[in-house]
Amino acid sequence: MGPSGCGKSTLLDALAGRLGSNTGQRGEILVNGRKQSLAYGTSAYVTQDDTLMMTLTVREAVTVYFGPASAANEFFTLSGFPCPTHQNPSDHFLKTINKDFQQDVEQGLAGAISTEEAIEILLSSYKSSERYEQVRKQVAEIYKQDHGELETKRSHASFLTQCSVLTRRSFVNMYRDLGYYWLRLAIYITLCLGLGTVYHNIGHSYASIQARGALLSFIASFLTFMAIGGFPSFVEDMKVFERERLNGHYGATAFVISNTLSAVPYLILVSVIPGAMAYYLPELRKGHEHFLYFALVLFACMMLVESLMMIVASIVPNYLMGIITGAGIQGLMILVGGFFRLPNDLPKPLWKYPLHEIAFHKYAYQGMFKNEFEGEVYPNNKVGGPPIITGEEILRDLWQAEMGYSKWGDLAVLLGMIAFYRLMFLGIIKANEKVKPMIKAFISMPPKQNTQVTVNPSSTPLHGEMM
């Protein structure tokens, strides 16, 4: 126990091996007088701040136990600071030694005294008490005993069990969190109804070519852009993961796999229902196989944006900065995707190579354009030209699409990008686990000192007393 900021949580974090990467540590941690690390399952503690999924019930969530209060109340009473009637002893103890309250200490000895004086009285009283001598003797006894090795490291749940449990939990969280997918689904339905009515029955004339391209580009750009709305939920997931990873319950790989699998049903729902409205109301190319490809590309784009935002969440966990960063990255990708500025018109240094090539919008535009125009013919309005214009000519001359591979090649690139982004996300998490603490420790390496921290203080006499 102790007032805020005295080092309670930092001490426990040091003993449990949970210090953050920005905290330096020196000295040795001894377990029963022996230098040994605490294995997974050997020790744990309840942290002061809860990082939990808000959609789960108490029964589902709560890394609860109540223990005895020992003889603390009697000690404070004998020292001249009795706990007032009907007051929580713990509140009284903290209030007595907490400098934040200063003069608001309970009247114990003779009138109000300062917190510093109360602390000095309690320290002197403890040092002169029998309990203090008993503790010193117990420490010496423990040090002499041979307690053997610590409990061996407990086995974790299997990797498949970890993935299964995390997938189910994440699925439930996404289902109950309105902001994760349901609100987005409602907004998508509204937008796609607007798109469907604005472009309703655009026909098959020469003018419809530009209208179809604009409609498909809007869907591939701005519908998927709105996937950044899930960023706050991603940040909360990352906080829960960080806490549970520090406890050793599961690794980054299981977290990434489960998050991906649990999102798939919702993304399919978001792609199919609003996508059908945006596809059939304007009467885009007939044939269910063409709608299936359209929905697959929309699904891949949304999964890509979510993967991108998870990468941003692992680097920039601040809500506002994360959304701004994700929006800026997508804005650049849309700019060089190949619709608002045709590929051949993009400046080659930087904008076409490499940004145009790595922007997923390029492959989303091309795939949707090929799905819509390949094999089709449209009337040609050019004076002196042929009466019809083929879809291949539209793709090659108007949209400047790469015709060396089919629309399935564009979809394959998008799926490959999803895998690459998820692996990048996994790599960043693992780097944060291992590389970043090593770099921080190297930069802030302090001089060697003989400071020791023990779990059961058994190797040295008491250096000082801590409430």
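Start by selecting serine 314 and showing its surroundings: leaving aside residues up to four places away in sequence, serine 314 touches Met238, Phe425, Ile428 and Asn432. Keep in mind as you click around that this is a predicted model.

Is serine 314 buried or exposed? Its relative accessible area is 12%, under the 20% cut-off, so it counts as buried. Now show the side chain and look for the backbone oxygen of isoleucine 311: the serine 314 side chain reaches that oxygen at 2.6 Å.

Next, colour helix H12, residues 288-315, which is the helix that holds serine 314. An unreviewed UniProt entry marks 291-312 as a transmembrane region; the others it lists are 178-202, 214-235, 256-279, 319-340 and 411-429.

Pick 214-235 from that list. Here the chain is 77% helix and 0% strand, and the end C-alpha atoms sit 34 Å apart.

Last stop: select helix H9 (residues 207-225) together with helix H13 (residues 319-335). How do H9 and H13 pack? Their axes lie 11 Å apart at an angle of about 180°, which means H9 runs roughly antiparallel to H13. To see the contact itself, show Ser221, Thr224 and Phe225 on H9, then Ala327, Gln330, Gly331 and Ile334 on H13. Colour these contact residues by type and you get 3 nonpolar, 4 polar and no charged.

How values were computed: Residues are numbered from 1 along each chain as its sequence is written. This is a predicted model: local features need pLDDT of at least 70, side-chain atom pairs count only at pLDDT 80 or more; totals for chains, interfaces and linings use all residues. Side-chain values use heavy atoms; hydrogens and water are left out. UniProt positions are given in the numbering used here, feature names are shortened, and annotations may be inferred rather than shown by experiment. Helices (H or I, at least four residues) and strands (E, at least two) are DSSP runs, numbered from the N terminus. Buried means under 20% relative accessible area, exposed over 50%, partly exposed in between (1.4 Å probe, protein chains only). A polar contact is a pair of N or O atoms within 3.5 Å; within protein, one must be able to donate a hydrogen and the other to accept it, and residues adjacent in sequence count only if both atoms are side-chain atoms. Contact means heavy atoms within 4.5 Å. Axes are lines fitted to C-alpha atoms, for helices over the stretch in contact, and angles run from 0 to 180 degrees between N-to-C directions. Angles under 35 degrees count as roughly parallel, over 145 as roughly antiparallel, 65 to 115 as roughly perpendicular and the rest as oblique. Ala, Val, Leu, Ile, Met, Phe, Trp, Tyr, Cys and Pro count as nonpolar, Asp, Glu, Lys and Arg as charged, and the others, Gly among them, as polar.
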